[in-house]
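Me: Could you walk me through this one? I'd like to go over the helices, the core and the aromatic rings.

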Amino acid sequence: MYVIREDALIIATEEVRSMMHEYKRRFGKPFISFNYADFQSDGNMRAGEKYVATLRNALETNTPYEIESHRYDTFDH
């Protein structure tokens, strides 16, 4: 999947990598992969910002993030 530069600069940081390692250590599974179907930009936040905020919230509340991803809803291959 192509990630636009603005979102890549948000999610491809050492801080996010560190949070993802911590998430996997705590919950025994990796955090959901970034995709635009589940994390859409709106007038207030970029998709990448929503992704990072969701990851941060899961760690702060010590609650694994559960979602049925919509990444393949429009593709059938």
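Reply: A definition to begin with: buried means under 20% relative accessible area, exposed over 50%, and partly exposed in between, with a 1.4 Å probe and protein chains only. At 2% relative accessibility, Phe-39 therefore counts as buried. This is a predicted model, in which local features need pLDDT of at least 70 and side-chain atom pairs count only at pLDDT 80 or more, while totals for chains, interfaces and linings use all residues. Residues are numbered from 1 along each chain as its sequence is written, and side-chain values use heavy atoms, with hydrogens and water left out.

Me: What is the mean pLDDT of the chain?
Reply: The mean is 89, and 87% of the residues reach 70 or more, pLDDT being the predictor's confidence in each residue, from 0 to 100. The helices (H or I, at least four residues) are DSSP runs, numbered from the N terminus.

Me: Ok, α3 then. How many residues does it have, and how far does it reach?
Reply: Helix α3 covers residues 47–61, which is 15 residues, and reaches 21 Å from its first C-alpha to its last, close to the 21 Å expected at 1.5 Å a residue; the expected span is 1.5 Å times one less than the number of residues.

Me: Which of its residues are buried?
Reply: In α3 the buried residues are Ala-47, Gly-48, Tyr-51, Val-52, Thr-54, Leu-55, Ala-58 and Leu-59. They cover an arc of only 155° around the axis, which puts them on the same side of α3; the arc is that of the directions from the helix axis to the C-beta atoms.

Me: And what covers them?
Reply: The cover includes α1 (5–11) and α2 (14–27), where contact means heavy atoms within 4.5 Å.

Me: Switching to the core: which residues have the most contacts inside the largest one?
Reply: Tyr-23, Tyr-51 and Leu-55 have the most contacts inside the largest nonpolar core, which has 15 residues. Such a core is a set of buried Ala, Val, Leu, Ile, Met, Phe, Trp, Tyr and Cys residues joined through side-chain atoms within 4.5 Å. The elements giving two or more residues to this core are α2 and α3, and the largest share, six residues, comes from α3.

Me: Where is Phe-31 found?
Reply: Phe-31 is found in the loop between α2 and α3, and it is buried, with a relative accessible area of 5%. Not counting residues up to four places away in sequence, Phe-31 touches Met-20, Tyr-23, Tyr-51, Thr-54, Leu-55 and Tyr-65.

Me: Last topic, the rings. How many aromatic pairs are there?
Reply: The count comes to nine aromatic pairs, with Phe, Tyr and Trp rings (the six-membered ring of Trp) pairing if their centres lie within 6.5 Å, and planes under 30 degrees apart counting as stacked, over 60 as edge-to-face and the rest as tilted. Phe-34 and Tyr-51 form an edge-to-face pair, at 5.4 Å centre to centre and 85° between the planes. Phe-34 lies in the loop between α2 and α3 and Tyr-51 in helix α3, so the pair ties together parts that are 17 residues apart in sequence.

Me: What about Phe-39 and Tyr-65, how far apart are their ring centres?
Reply: The centres are 6.4 Å apart and the planes at 35°, so the pair of Phe-39 and Tyr-65 is tilted.
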